[in-house]
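This briefing goes through one protein model by topic.

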Amino acid sequence: MLDEFFVQPPAGFPDHPHRGFETVTYMLDGKFKHKDNKGHEGVIDAGGLQWMTAGRGVVHSEMPATSGVNHGLQLWLNLKKQDKMCDPNYQELSAADVPEGSSENGDVVARVIAGEAFGVTAEVRTRTPAMYIDFQAKAGACFEQKVPASFQGFVYVLEGEGTFGADAVRGAASHLLVLSESGDTLRCAAKSDCRFVLIAGEPIGEPVVQHGPFVMNTAEEIYQAIMDYQAGKF
């Protein structure tokens, strides 16, 4: 699941629980404050990210840290059954620490959150093979990005307009385009200055039961998560 959010005080996301999956918060503009019940807290600045593995359970808040509009993306990433009850963990990168690659003539810049692009590899370690790349392409730029044939994923356009895939499917701001399940290369052409994210990963192939902030394999595990949260066991 991907959410593009625009949040201005007094709105925000006060204390709430998670279990069984990961959240990836990537700030585009503004700042967000994070604080959890394990004593971890910090601020995600524009261009920075937080890769949070909720695992067996965490209660946290996510609140805007500026008075203006705070703009970002949050991705929910499922965990394998064997990892759903792991200890909570954080991987946090400032804007300066997110690796960047570019095309030979510089008309495409890629910020590599997960995976690889233009010979640059991400700093983040993923429990499931995945890629998450923020591309900024100048009008007229054309390039190809390798995507493992076993991955499933999508392109989400943030700004501008481009065409994607062998059939040159048009995508403009706020459009989401699902990748086909054939081939291992995504062709991209920017019709105007364009910014988009490519997100893909290896399918886990396990049952999924989701209820609110809990993502497990069975309904019984969801009921247990609710009871554990209500009992203060997170």
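**Contacts and overall form**

In this predicted model, 70% of the contacts between residues at least 6 apart in sequence join residues at least 24 apart. Of the 234 residues, 48% count as buried.

**Dimensions and surface**

- The radius of gyration is 18 Å, which agrees with the value near 17 Å that a compact globule of 234 residues would have.
- Along the principal axes, the C-alpha atoms fill a box of roughly 55 × 40 × 25 Å.
- The accessible surface amounts to about 11,200 Å², and carbon and sulfur atoms account for 50% of that area.

**Nonpolar cores**

- The largest nonpolar core has 26 residues, of which Phe135, Val147, Val155, Phe164, Leu186, Phe196 and Leu198 touch the most other members.
- Two or more residues of this core come from each of strand E11 (108-114), strand E14 (130-137), strand E16 (152-159), strand E20 (185-190) and strand E21 (194-201).
- Apart from this core lies another, made up of 19 residues, including Val24, Tyr26, Ile113 and Val124.
- Beyond its neighbours within four places in sequence, Val155 is in contact with Phe164, His175, Leu176, Leu177, Leu179, Leu186, Phe196, Val197 and Leu198.

**Backbone details in loops**

- The peptide bond between Pro9 and Pro10 is cis, with omega at about 10 degrees.
- Pro10 belongs to the loop that runs between strand E1 (2-7) and strand E2 (13-18).
- Phe118 has a phi near 50 degrees, a positive value in a residue other than glycine.
- The loop holding Phe118 lies between strand E12 (116-117) and strand E13 (120-121).
- Phe118 counts as partly exposed because its relative accessibility is 31%, a value between the 20% limit for buried and the 50% limit for exposed.
- Ser174 also has a positive phi, near 75 degrees, and is likewise a residue other than glycine.
- Ser174 sits in the loop between strand E18 (169-172) and strand E19 (176-178).

Terms used
Residues numbered from 1 in each chain as written. Predicted model: local features only at pLDDT ≥ 70, side-chain atom pairs only at ≥ 80, totals over all residues. Heavy atoms only, no water. Rg over C-alpha atoms; globule rule 2.2 N^0.38 Å. Buried < 20%, exposed > 50% of the residue type's maximum accessible area, 1.4 Å probe, protein only. Contact = heavy atoms within 4.5 Å. Areas by Shrake-Rupley, 256 points an atom, 1.4 Å probe, with all protein chains shown as cover. Core = buried A, V, L, I, M, F, W, Y, C linked by side-chain atoms within 4.5 Å. Helix = DSSP H or I, 4+ residues; strand = E, 2+ residues; numbered from the N terminus.
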